[in-house]
Amino acid sequence: MTTKQILYYPNTKLWMAAIKPPMYSVAIMPIWVGTAVAFAETKIFNGVVFSIFVTAAILILAWENISNDVFDSETGIDQNKHHSLVNLTGKKSLVFWLGNLCLGLGLLGILAIAFWQKDPTVIGIILVCCGLGYMYQGPPFRLGYQGLGEILCFFAFGPLGMGAAYYSQTQTWSITNLAASAVVGIATSLILFCSHFHQVKDDIAAGKRSPIVRLGTAKGALVLIWFTASIYPLTLLFVLSGLFPVWTLLSWVSLPFAIKLCRHVQENHNQPEKVSNCKFIAVAVHFWACLLLGVGFMLG
């Protein structure tokens with residue numbers, strides 16, 4: 001390997017860590033499952049609306065990730081985070097405006113859907129989601145620093161995000177979609193919960209009271225087990241109640257990833273270097289649970 005390759009490889013890894021490609025399934029899955037529920041109930045599927053919505057959701061999540069790097073750079077919490085975009089580029093203002101560009105383009109897509117349907121409901125819901133996203137890390141709120149991030153995440157990616165996706169296809173509401181949004185919301189919040197285990201020291205230094213700072217890593221690992229496990233009986237309950245088709249139990253295929261996640265965190269909760277990858281295992285839980293939940297609705 002040449003010197004140039006040696007220098008290039010770590011930089012590439014840092015940039016990939018900064019961009020976080022696997023995390024963008026978080027933006028896609030609420031749209032996928034909400035659209036799948038809409039199809040199951042109404043046999044309506046508008047591919048153009050779905051495609052615009054998915055693209056917009058990815059851009060809006062990019063804004064949130066980018067702006068969070070900017071806001072965290074102001075508190076010093078990312079001082080040791082080498083893959084922060086602000087730390088990588090040294091240009092906070094440029095990163096900030098890049099994030100705003102993503103937000104503007106994303107909202108433009110949602111606005112196009114609302115304009116096409118002559119109904120502002122969808123853009124209204126997504127603006128609320130963006131507001132929650134800003135309140136997570138943005139001043140003066142910084143609710144994530146108070147340990148409220150998981151609650152904001154649940155509502156933004158669960159009931160609100162899926163409600164908007166369902167409405168964009170049908171211009172109506174659904175109890176079944178609301179029930180499904182609880183599963184998606186929990187699975188999404190799980191990723192954020194896992195992201196705290198390896199950065200307890202930095203969080204405490206910056207005054208961030210994340211759930212893991214509040215609970216401690218040992219109790220946090222126990223909460224994680226219950227948190228993760230809740231996805232599966234909840235889905236079964238909705239199947240038994242007749243809200244979900246039996247095919248949605250395909251989401252249980254994600255159970256091996258859930259077991260792997262809980263075991264990994266249980267064994268390494270107080271070892272930052274070893275536990276740092278747990279959020280990517282949580283992404284796998286989220287991806288397969290939500291993907292197959294949507295497939296179950298399509299088949300049902």
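**Reading surface and core in a predicted model**

Author: The protein exposes about 14,100 Å², of which carbon and sulfur atoms supply 70% (Shrake-Rupley method, 1.4 Å probe; for residues, only the protein chains shown count as cover). This is a predicted model, in which local features need pLDDT of at least 70 and side-chain atom pairs count only at pLDDT 80 or more, while totals for chains, interfaces and linings use all residues. Residues are numbered from 1 along each chain as its sequence is written, and side-chain values use heavy atoms, with hydrogens and water left out.

Reader: Why does Leu105 count as partly exposed?

Author: Buried means under 20% relative accessible area, exposed over 50%, and partly exposed in between (1.4 Å probe, protein chains only). Leu105 counts as partly exposed because its relative accessibility is 43%. Of the 300 residues of the protein, 51% count as buried.

Reader: Which residues touch the most other members of the largest nonpolar core?

Author: A nonpolar core is a set of buried Ala, Val, Leu, Ile, Met, Phe, Trp, Tyr and Cys residues joined through side-chain atoms within 4.5 Å. Among the 82 residues of the largest one, Val33, Ile126 and Leu261 touch the most other members. Helix H3 (residues 47–75) gives the most to this core, namely twelve residues. Beyond its neighbours within four places in sequence, Leu261 has contacts with residues including Leu190, Leu224 and Ile281 (heavy atoms within 4.5 Å).

How values were computed:
Helices (H or I, at least four residues) and strands (E, at least two) are DSSP runs, numbered from the N terminus.
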